Protein chains: 2
Amino acid sequence: MAETALIGLDWGTTSLRAFRFGRHGGIIARRRADRGIMKVEGGQFAAALDDAIGDWRAEAPQAPILMAGMIGSRQGWVEAPYAACPADAASLAGALTAVPSVAQAYIVPGVAWRNGIAAPEVMRGEETQIVGLGPLSNRLVVLPGTHSKWVWLDAEGRMARFTTFMTGEVFDVMRRHSILGRLMPGSEIAPAADGFERGLDEALSPDGPGTLQSLFSARARGLFGELPADQLSGYLSGLLIGAELKEGRQAIAHWGGVMGAPILVGGGALVTLYTLAFARLGLQVETADEDAGAHGLWAIAAKTGTV
Amino acid sequence: MAETALIGLDWGTTSLRAFRFGRHGGIIARRRADRGIMKVEGGQFAAALDDAIGDWRAEAPQAPILMAGMIGSRQGWVEAPYAACPADAASLAGALTAVPSVAQAYIVPGVAWRNGIAAPEVMRGEETQIVGLGPLSNRLVVLPGTHSKWVWLDAEGRMARFTTFMTGEVFDVMRRHSILGRLMPGSEIAPAADGFERGLDEALSPDGPGTLQSLFSARARGLFGELPADQLSGYLSGLLIGAELKEGRQAIAHWGGVMGAPILVGGGALVTLYTLAFARLGLQVETADEDAGAHGLWAIAAKTGTV
């Protein structure tokens, strides 16, 4: 096997992904495990790390280990203080937190920013994915998910501003626990496309209702038989993603940015839905390489001079 | 006991209230029972009615019975078709649905309106409370609750337009089932006033975040210790009621109405919170008589000429 220059881990709440990098940053092996920080009991992170990549380490004891994600949170292994905006690979590399009990093991800081009167904004893991996108400037990066993030990269390509939308969690909680869920069959998550586009158009309409109104309208349409039950979940998804785009557009304008051609980071059905949604605003998205997180780990390690 | 001219029931989802009216519409007796339509098993509404007011009826067999609320819904006793906007006491009185099995028993229709491209809007029970407010014109009536309603009364005092916000249910579902709830102690519903005003100000700020952003900010403030845990519930409530006011203001403007001095219908803590919230917009509210629903039943019966 080629020489191992770095072992990288994207270690999140529910799962971890591990990467073994060759001398020039190529990924020479990869793994995924259901050992997110919430699934590591009693703080046994050293043992979990050993389970995940102990064999790699035995073969390449000289290779540093770099970790990003919730592993650096208060609920993780060692709390890695947040770096401030503007942040980039160099500033992150300069603020790594060493894991005391493991030689050459470091955690990438999350990034924090205070958005005017609003609450502090924080990310952990996304900053590494963004670094992994490579050089970009004056661009919007969107990371859809449970807590969807919009990040503005300034002229120097630094993460300058960002904000978070609870879109995915609101969708999930409303679908499971509100009266809307009672109208939806089974536990179907995959939204029917027709419902999605209808919800989207309603949310994006300039004279359309606000989010609290829209949520009720999903119920009314269901009761009146205007939407088949199997479209309600998609309709709800469209309403919420549409609302996110409306709120996000306002945030970007407030920051003096432009939506431009947003870069979507993520995978699966969500990317398809967000691509559709941005198209409704006349914006064509670019989709990130699914290994952005791995590329980011390499780029940060490279800035430390250890690889 | 004075002559009984009418027996009225405000029969909702979780409870019912019954009123015995004298010849001039005065309430000569009243009762409340936990026999909302969801608690009447097997469609035994006739028996439930007998339990509730059988003795009144025995004493005053000539008095008609008028019911309003969810008793007229598809899940209720007899489905009472919706009346259209603009609606008032006369149009409601002209569209009563008779209960086939009970002599002289009628159900007030709900009201439906289609709000542009948005979903059909519906109410059941609120229309009767609004009629009970007495003569009003060019006024906004707000009925806070699980599904909060804003109703615009036109120059003739008719219910001309209305819309619904899922404020109360979103609050409840997010508090119980989202990551926000995990930061909140116990099952405390009564929001601490400080948190409420902070959430309200954030939501009402012209440059403030949108609703999906705000929901995340509640979590961030909790994590950063910027809000004591016992204020988070109030903060969430303030964010959502503030969002309702913002959305509602836009709806009113769209209808060509003015917020003016809104009339708040309801009772308890919610009225206090909404009063505070409207004050933030410089608007002083009027609070409705808590017997608005009873007055409405009388007013509708009076329009039929039977009382």
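**Close-up views of a two-chain model**

**View 1. The contact between chain B and chain A.** The contact draws 48 residues from chain B and 48 residues from chain A, as seen in this predicted model. Between them, chain B and chain A bury about 4000 Å², of which 68% lies on carbon and sulfur atoms. Two salt bridges are counted between chain B and chain A.

**View 2. A salt bridge between E226(B) and R114(A).** The side chains of E226(B) and R114(A) come together in a salt bridge, with an N to O distance of 2.1 Å. Side chains of opposite charge can pair when their charged atoms come close.

**View 3. A salt bridge within chain A, between D291(A) and R30(A).** The closest N and O atoms of D291(A) and R30(A) are 2.6 Å apart in this salt bridge. The pair joins distant parts of the chain, since D291(A) sits in the loop between β14 (286-287) and α10 (292-304) of chain A, while R30(A) belongs to strand β3 (residues 27-33) of chain A, 261 residues apart. Over all chains, a search of the whole structure finds 36 salt bridges.

**View 4. Packing of helices α8 and α9 in chain B.** Helix α8 (residues 229-255) of chain B packs against helix α9 (residues 269-280) of chain B at an angle of about 60°, and their axes are 10 Å apart. That angle makes α8(B) oblique to α9(B), and the crossing of the two helices is right-handed. From α8(B), the contact is made by S237(B), I241(B), E244(B) and L245(B), and from α9(B) by L273(B), Y274(B), A277(B) and F278(B). Sorted by class, the contact of α8(B) with α9(B) has six nonpolar residues, one polar and one charged.

Terms used. Residues are numbered from 1 along each chain as its sequence is written. Chains are lettered from A and ligands numbered from 1 in the order in which they are written. This is a predicted model: local features need pLDDT of at least 70, side-chain atom pairs count only at pLDDT 80 or more; totals for chains, interfaces and linings use all residues. Side-chain values use heavy atoms; hydrogens and water are left out. Axes are lines fitted to C-alpha atoms, for helices over the stretch in contact, and angles run from 0 to 180 degrees between N-to-C directions. Helices (H or I, at least four residues) and strands (E, at least two) are DSSP runs, numbered from the N terminus. Angles under 35 degrees count as roughly parallel, over 145 as roughly antiparallel, 65 to 115 as roughly perpendicular and the rest as oblique. A crossing is left-handed if the near helix is turned anticlockwise from the far one by less than a right angle, and right-handed if clockwise. Contact means heavy atoms within 4.5 Å. Ala, Val, Leu, Ile, Met, Phe, Trp, Tyr, Cys and Pro count as nonpolar, Asp, Glu, Lys and Arg as charged, and the others, Gly among them, as polar. Buried area is the accessible area (1.4 Å probe) that two parts lose on being put together, summed over both. A salt bridge is a side-chain nitrogen of Lys or Arg within 4 Å of a carboxyl oxygen of Asp or Glu.
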